[in-house]
Amino acid sequence: MDFLIFQVPMLMVQASLDGILLGILFALIAYGMALQWGVMNIINIAQGDLVILGGYIAYTMYLAGIHPAWGVIVSPIIMYFVGWALYKLVINKVVDRDLFISILATFGIAIVFQQLMNFIFGADVVVAQSEYGTTMLFDNSVTLPNSKIFSAFVSLAYAVALVIYMKKSKLGRAIRATAQNARAAKILGVDTEKVYAATFGINAALCGIAGALISITLTLHPYVGLPYTVRSFMIVIVAGLGNLPAVAVSGMGLGLFEEFADYILGTEFRIGAVFMLLVFILVYRRFKLSKKREYLK
Amino acid sequence: MEKVKQKDLILYSGLIILGLAAPYLFSAFKVQLTYLCVLIVLAMTWNLQGGEMGYNSFGNILFYGLGMYLTASVQVGMFFPLAEWTESGGEKTFVHTTAQYFQGIGVGLLVAAIIPALVAGAIGYAILGLRGHYFAICTLGLGIAAGEIAGGIEIIGAGQGFTTPPFPAEIVDPEARGKFFYFTSFIVLVLAFIFVKYIYGSRFRLILNAIRDNEDKAEAMGIQTMKYKIVGWMVSAFFCGLAGGIMGGLIGYIDSTDVAFDGREMGVFMVLMAILGGKGTLWGPIIGATLFHFFKEGLWTFILGWQYVALGVLIVVIVIYFPEGLMGWLREKYPERFGEVIDEKDRKSQVELK
């Protein structure tokens, strides 16, 4: 094999570290998707576009002279209300309906978001400079931007905080009750409509955090939302709904896969590889289940 | 097959005459008319799985793009080295003679119909085992992956695109190009309609409907559902490939993600048109496509730049408020026109359960 990555072992370390740090970020987005999927039974194709919108909020702060890292606090607050408004406008009409309707409706939202972001922020690839510098490891043969380490830690902190919040708070309990049985929760006095709105808001807020982190670690562009949706979808179907450690692990796995695919297949096939992986995972699961005469449902 | 009624005969002959006369009547709109034919073909064949079989595919764009690349590649590759053609970009180092052009596009369209159908057959067993939204997401992934991968393959132009052979310069009539593509697409449309109409009168459609309504029960009744699902998908792929081939020649330039595997436009359009007209009806997708095309062409130029916003809003509104489409709405309103007999007493006595 004449691939560069197999000749230079340090590149493997580089790709692995990059992949894991990136994967934690993906896991955060996937957690939001698992949350809304589990609670409201909708698949949100606009997930990735919410992420990108969150990133643009941080980028706007950067343009205004504020350090973009503050975006991880400001962006989720704004995105919570964006998510809440989106729920009140559209999503509340697709909850409890055929999943295909939610897919198509959120696809429509995704198109609107993409185009609006294209108008407001322009079609250029942008990045918010965090100026955190880089860490050199192993005799300067592995470079690690500090912003990536920062983003991984922030993601972890938010994920832990959210888990505790879901376990302890009243709203968290209501959300979990609604996820288990919406009708029973309603009978017992849970305002499910509020719970749904809050869930979608929390999901959007998670996307906002992830977006702010992406704005300083990766790049932003109005049309790159869909790959993030697909990544989070993939992580969720591998990990299952509501299994947080598995979400984290499969997120890191996906990050690793992507970095290695990047080196081995070439950067131009990176997104293609992600989408093909989705197809392969689904087909693999389908064959595995069909042995038991079951199917993905 | 049942006998064609006299009323239908008048309708069909009227439509065919209208179709044949259209490029002469509206000679400035030949390109739009070709688009319309292609859109109707796409909507009608999407409806075969989306509406009749209940497998909502976002991935039929895969076959459309495949057909587009195949037609152009065959048309060039039959006479000239393909790699050099794409490398030279738009420059006219190689020129097709008239005979070569038509031979090439003829063979190309044939290939563009057969290969996508075979591809659908080959991947059908794996993909069609998924159900519901998993199928939808999986096909969405397939369509986008195809676009990304095609954008990295050198021989078909990679990221810089593929210029399809220009219409032969020896034909001096300036109308000829438009007419040629219009009539090709019209023929494909008529073929597709006859085929779909035939399916609508056959047992095949009943099986597809059984799969949509309850696949497990259909299987329990002894229907080999997988076989029928694959055949249904192959029919769609066949016509999607043809449609793609024609569009490639008409547009004259193929880009991997913006023209061929254009999930953001064509891929959504075909779903939207079928839903707009009414899923699971013969005329629904045709009416939906026509309405959508008029709406699009009428509105696009006035709201330039905002068309995607309008498209997104349109999708949301249609999906949320009119999931049954135009035909579904008509059916609700005038059930007796659709051959449904409703006992008034029975209807009134039914209490709606919620």
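This is a predicted model: local features need pLDDT of at least 70, side-chain atom pairs count only at pLDDT 80 or more; totals for chains, interfaces and linings use all residues.
Where in chain A is Asn41(A) found?

## Asn41(A) in a loop of chain A

Asn41(A) is located in the loop that joins α2 (9–40) to α3 (47–63) of chain A. The phi angle of Asn41(A) is near 55 degrees, which is a positive value in a residue that is not glycine. Most residues other than glycine have a negative phi.

Asn41(A) has 16 C-beta neighbours inside 10 Å and therefore counts as partly exposed. The count falls between the limit for exposed residues, 12 or fewer, and the limit for buried residues, 20 or more.

## Helices α10 and α11 of chain A

Helix α10 (residues 225–239) and helix α11 (residues 244–265) of chain A have axes that come within 9 Å and cross at roughly 130 degrees. Because of this angle, α10(A) is oblique to α11(A). The crossing of α10(A) past α11(A) is right-handed.

On the side of α10(A), the contact is made by Arg231(A), Met234(A), Ile235(A), Val238(A) and Ala239(A). On the side of α11(A), the contributing residues are Ala246(A), Val247(A), Ser250(A), Gly251(A) and Leu254(A). Sorted by class, this contact of α10(A) with α11(A) comprises 7 nonpolar, 2 polar and 1 charged residues.

## The contact between chains A and B

The contact draws 35 residues from chain A and 33 residues from chain B. Within chain A, each of α5 (99–121), α10 and α12 (270–291) supplies at least two residues of the side that touches chain B. The most is given by α5(A), with 13 residues.

By class, the side of chain A that touches chain B has 27 nonpolar residues, together with 4 polar and 4 charged residues.

## Overall form of chain B

Chain B contains 16 helices and 2 strands. For its 354 residues, a compact globule would have a radius of gyration near 20 Å, and the 21 Å of chain B agrees with this. The C-alpha trace of chain B spans about 75 × 45 × 45 Å along its principal axes.

Of the 354 residues of chain B, 45% count as buried. Among the contacts in chain B between residues at least 6 apart in sequence, 82% join residues at least 24 apart.

Gly104(B) lies in helix α5 (residues 98–127) of chain B. Is Gly104(B) buried or exposed? Gly104(B) is buried, because 24 other C-beta atoms are within 10 Å. Residues up to four places away in sequence aside, Gly104(B) touches Val74(B), Gln75(B), Met78(B), Phe79(B), His96(B) and Pro165(B). For Phe79(B), which is 25 residues from Gly104(B) along the chain, the C-alpha separation is 8.2 Å.

Gly252(B) occupies the loop between α10 (225–251) and β2 (253–254) of chain B. With 15 C-beta neighbours inside 10 Å, Gly252(B) counts as partly exposed. Beyond its neighbours within four places in sequence, Gly252(B) is in contact with Thr163(B), Thr164(B) and Pro166(B).

Note on methods:
Residues are numbered from 1 along each chain as its sequence is written. Chains are lettered from A and ligands numbered from 1 in the order in which they are written. Axes are lines fitted to C-alpha atoms, for helices over the stretch in contact, and angles run from 0 to 180 degrees between N-to-C directions. Helices (H or I, at least four residues) and strands (E, at least two) are DSSP runs, numbered from the N terminus. Angles under 35 degrees count as roughly parallel, over 145 as roughly antiparallel, 65 to 115 as roughly perpendicular and the rest as oblique. A crossing is left-handed if the near helix is turned anticlockwise from the far one by less than a right angle, and right-handed if clockwise. Two residues are in contact if their C-beta atoms, placed from the backbone, lie within 7 Å. Ala, Val, Leu, Ile, Met, Phe, Trp, Tyr, Cys and Pro count as nonpolar, Asp, Glu, Lys and Arg as charged, and the others, Gly among them, as polar. The radius of gyration is taken over C-alpha atoms; the globule rule is 2.2 Å times the number of residues to the power 0.38.
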